[in-house]
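I opened the notebook for this chain and listed what to look up. The entries run from the overall fold to single residues.

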Amino acid sequence: MLTFRTYLTKNDPDAICKIAASTGFFDESDVELNRKLAEKALHNKDCGYEYIIAEFGGEPVAYVCFGELPDAREGTFEIFWLSTLNSFRGCGIGHQLFSRLSEILKERDAQTVSYTHLTLPTIRL
C-alpha cells in the first residue's frame, strides 16, 4: 500500500540518494546534492526545503523536495526535485505526489509554482 508523509527520518537521505540515482537522470553531483539537502532539512526544519515522501511497504519509493522562495513574491514556491525509484516509475506515484503537493500549496495560498530540474512550464494555482 502506498502512503505519504511530510517529515524526514534519519534513513531518508540515503533513500533519497538511492531513488535519485536509480532514475538515470541525475549525475553524481546531483545525487549528492539531493543527500545534502535532505540532511539539511532533517536537521533544520526551517532551512527552506520541505519533502513529501511516498512509501510502499514502509520503504521510500519517491519524493518531492520543494520550498517557498524567500526572495520572490509571497506565495511563490519552487519544486527542486521530484524523483521516483526506477522500478516504481509508470505507476502514477509522481502524479500522486504532485497532487499531494498541490493540496499543501493551496492551503498555503500559493500563487505560483516553478520547477528547477524539470522541463515543465511555470504554472499558476
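Below are my entries on fold, surface, cysteines and one leucine.

**Ground rules.** I worked on a predicted model, where local features need pLDDT of at least 70, side-chain atom pairs count only at pLDDT 80 or more, and totals for chains, interfaces and linings use all residues. I number residues from 1 along each chain as its sequence is written, and side-chain values use heavy atoms, with hydrogens and water left out.

**Fold.** I looked up the secondary structure and found three helices and six strands. Helices (H or I, at least four residues) and strands (E, at least two) are DSSP runs, numbered from the N terminus. Along the sequence I read the order as β-α-α-β-β-β-α-β-β. The radius of gyration is 14 Å, close to the 14 Å from the globule rule for 125 residues, so the chain is as compact as a globular protein of that length. That radius is taken over C-alpha atoms, and the rule is 2.2 Å times the number of residues to the power 0.38. I also noted the box filled by the C-alpha atoms, roughly 35 × 30 × 25 Å along the principal axes.

**Packing and surface.** Of the 125 residues, 42% count as buried, where buried means under 20% relative accessible area, exposed over 50% and partly exposed in between (1.4 Å probe, protein chains only). I then checked contacts, meaning heavy atoms within 4.5 Å. Of those with a separation of 6 or more, 55% join residues 24 or more positions apart. The chain exposes about 7,300 Å², with carbon and sulfur atoms supplying 49% of it; such areas come from the Shrake-Rupley method with a 1.4 Å probe, and for residues only the protein chains shown count as cover.

**Cysteines.** I searched the whole structure for disulfides (a pair of cysteine sulfur atoms within 2.5 Å) and found zero. Cys17 is buried, at 6% relative accessible area. For Cys47 the closest cysteine sulfur is also in Cys65, 8.0 Å away and too far for a bond. Cys47 is buried at 17%.

**Leu82.** I placed Leu82 in strand E4, residues 76-84. Leaving aside neighbours within four places in sequence, I found Leu82 in contact with Tyr63, Val64 and Gly94. I also took the C-alpha to C-alpha distance from Leu82 to Asn44: 20 Å in space, for 38 residues in sequence.
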